[in-house]
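Please look at the sequence and the structure shown below, and keep both in view while reading this briefing.

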Amino acid sequence: MDLRSSVEIITEWDIVAARQLGRNEAKKAGFGTVDQARITTAISELARNIYLYAGKGKIEIERVTDNGKFGIKIIASDEGPGIPDLRKVMEDGFSTSGGLGAGMPGVKRLMDEFKVVSETGAGTTITTTKWLH
Amino acid sequence: MNKIMVEGINKNMDEIIERWIRRMKEEKGERFFHFMPDHLVEKTSREFAELMTSNITDSSAANTERINDFTEKVVRFGWAIKFVNKAIDNFSDVVFEFLEEQEIINEGNLRSFNTIFRNWINPLRESIIDAYSTEWERTVSLQKIALQELSASLIPVFDKISVMPLVGTIDTERAKLIMENLLEGVVSQRAEVVLLDITGVPVVDTMVAHHIIQAAEAVRLVGAKCMLVGIRPEIAQTIVALGINLHEFTTKSTLQRGMQAALGMTNRAIVEVEAN
Ligand SMILES: Nc1ncnc2c1ncn2[C@@H]1O[C@H](COP(=O)(O)OP(=O)(O)OP(=O)(O)O)[C@@H](O)[C@H]1O
Ligand SMILES: [Mg+2]
């Protein structure tokens with residue numbers, strides 16, 4: 001059984017494709033409408049960041065289990081410029097593009113688990129999970 | 001030489017078609033034929049084979065008219081491009097093998113037959129790819145136009161009150177259009193209150209929120225007020241989680257409530273009158 005699916009993010013429309021996939025997976029996994037919206041919005045944020053700051057990358061969506069818990073894991077990875085100051089980007093309102101600067105801290109609040117690994121010049125990988133309660 | 005080849009094919013057309021169908025059915029991952037009733041497979045295959053054969057020419061120059069005819073008809077079969085590609089491959093393989101068996105192709109003329117095959121197959125393949133990609137480009141551009149037509153018009157509902165229903169995904173291009181239509185409409189309709197209805201927007205992320213905030217700010221600058229309506233409960237929750245501040249806005253869950261509030265803001269109300 002293939003539990004992982006992925007979408008390459010190259011154009012703005014790939015963002016729509018990624019969150020469509022996320023919504024379908026969330027629905028299939030049994031999440032309610034509110035959590036579906038949370039997961040879809042988180043994917044939208046991560047995919048748009050890839051598109052805006054790294055140019056290209058991918059969103060992978062995976063079903064996960066842990067001690068009888070079920071959930072959905074999103075992995076957003078790119079080989080872009082990386083994030084120099086991780087603490088700063090997690091602050092509300094920090095943006096290098098004139099945006100709201102709400103994306104990264106927002107995703108952290110929308111989801112249950114959130115981890116960023118980033119290396120300047122090498123890329124960024126963000127892994128975030130939502131559990132079915 | 002080409003004539004011998006065409007004759008060889010035509011004489012044994014049934015056998016060639018049969019082999020070709022068998023090979024197409026063996027293709028992994030292609031379930032195309034499985035859904036087709038047998039008599040249709042037979043008929044389409046024959047047509048395809050005849051179209052293929054009719055394009056074997058004497059000269060190295062391809063016959064454009066024949067190629068176009070081939071492409072036009074094959075496209076109409078409605079096959080996936082991958083399938084068409086395989087169909088062409090397999091057909092030329094089958095024919096080659098067959099001519100070898102019949103000893104029409106032998107070691108002595110192999111080289112010239114190779115050239116004939118190349119001159120036969122390549123233009124067909126190129127023409128097919130060209131037709132499919134033109135069709136895709138056309139579809140995409142038509143859909144873009146359709147999407148733009150769907151985009152955001154400001155509708156005057158009452159004196160001083162206008163509504164803009166937003167439907168569908170908002171990308172950068174549409175966001176610009178929304179802003180333009182909104183400002184233009186506010187001025188030309190002399191609106192005092194504008195209701196932005198986001199009932200039909202599937203995802204409100206930070207980018208959409210940012211555009212909405214900017215639109216509201218611009219509306220305020222031309223002297224009107226902007227109200228956000230149609231906020232579904234799940235959207236309200238994600239907006240809060242994103243930490244987006246909509247305090248400067250009047251927000252209402254439904255267009256109906258928004259309309260009542262807008263009438264209040266312009267010192268009016270809807271009253272029921274008793275029938276006499
Ligand atoms: N994948 C990435 N690669 C490089 N830099 C990134 C990446 N993702 C985020 N950043 C940096 O982190 C900053 C904060 O991102 P965040 O998503 O929180 O806000 P934003 O994208 O600027 O605005 P918005 O509120 O619209 O999302 C960005 O401005 C950018 O500089
Ligand atoms: Mg962002």
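**A helix and an interface**

Just after α8(B), Gly223(B) takes a positive phi of about 90°, where helices are DSSP runs (H or I, at least four residues) numbered from the N terminus. This is a predicted model, in which local features need pLDDT of at least 70 and side-chain atom pairs count only at pLDDT 80 or more, while totals for chains, interfaces and linings use all residues. Residues are numbered from 1 along each chain as its sequence is written, chains are lettered from A and ligands numbered from 1 in the order in which they are written, and side-chain values use heavy atoms, with hydrogens and water left out.

**The helix α8(B)**

- The 16 residues of α8(B) should span 22 Å at 1.5 Å a residue, and this agrees with its end C-alpha atoms, which are 22 Å apart; the expected span is 1.5 Å times one less than the number of residues.
- Buried residues of α8(B) include Thr206(B), Met207(B) and Val208(B), where buried means under 20% relative accessible area (1.4 Å probe, protein chains only).

**The contact between the chains**

- Chain B gives 20 residues and chain A gives 23 residues to the contact, which is counted between heavy atoms within 4.5 Å.
- There are 2 salt bridges between chain B and chain A, each a side-chain nitrogen of Lys or Arg within 4 Å of a carboxyl oxygen of Asp or Glu.
- Arg19(A) and Asp205(B) meet through their side chains in a salt bridge, at 3.8 Å from N to O.
- On the side of chain B that touches chain A, α8 (206–221) and α9 (233–242) of chain B each supply at least two residues.

Note on methods. Buried means under 20% relative accessible area, exposed over 50%, partly exposed in between (1.4 Å probe, protein chains only).
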